[in-house]
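Here is a short note to read beside the model. Please keep the structure open while going through the points.

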Amino acid sequence: MSEPDQSLNLNIARLVQAMHLQTQAINRLAASNEALVTAMGEAATESNGEEEPTSYLSGRVR
C-alpha cells in the first residue's frame, strides 16, 4: 500500500472515530432531553391543574 493510501485510510479511520464520538454525544443529549420532558410531565400532573403557570419554559415570567 502506498503512503497516500495509508494516509487516506488513517484519515478515514479518524473521521469514523469522530463520527462515533459525535453520535454518542447526540444520544446522551437525547436521553437528557427525554428525562427533562418526563420530569416536567410528572411535575405538571402533580399540580391540581387549576393554577395557571407563572412562567414560560424559558424561565421568563408571564
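1. Start with exposure terms. Buried means under 20% relative accessible area, exposed means over 50%, and partly exposed lies in between, with a 1.4 Å probe and protein chains only. By that scale Leu 57 is exposed, because its relative accessible area is 78%.

2. On provenance: this is a predicted model, in which local features need pLDDT of at least 70, side-chain atom pairs count only at pLDDT 80 or more, and totals for chains, interfaces and linings use all residues. Residues are numbered from 1 along each chain as its sequence is written, and side-chain values use heavy atoms, with hydrogens and water left out.

3. Secondary structure is brief. The protein has one helix and zero strands. Helices (H or I, at least four residues) and strands (E, at least two) are DSSP runs, numbered from the N terminus. The radius of gyration is 23 Å, well over the 11 Å that the globule rule gives for 62 residues, so the protein is more spread out than a compact globule. That radius is taken over C-alpha atoms, and the rule is 2.2 Å times the number of residues to the power 0.38. Along the principal axes, the C-alpha atoms fill a box of roughly 75 × 20 × 5 Å.

4. What share of the 62 residues is buried? Buried residues make up 0%. The protein exposes about 5700 Å², and carbon and sulfur atoms supply 58% of that area. Areas come from the Shrake-Rupley method with a 1.4 Å probe; for residues, only the protein chains shown count as cover.

5. Met 1 sits in the segment before helix H1 (3-46). Met 1 is exposed, at a relative accessible area of 71%. Leaving out residues up to four places away in sequence, Met 1 touches Gln 6 and Asn 9; contact means heavy atoms within 4.5 Å.

6. Within helix H1 lies Gln 24. Gln 24 is partly exposed, at 35% relative accessible area. Gln 24 and Thr 45 are 21 residues apart along the chain, and their C-alpha atoms are separated by 32 Å.

7. Leu 57 belongs to the segment after H1. Its C-alpha atom is separated by 9.8 Å from that of Met 40, 17 residues apart along the chain.
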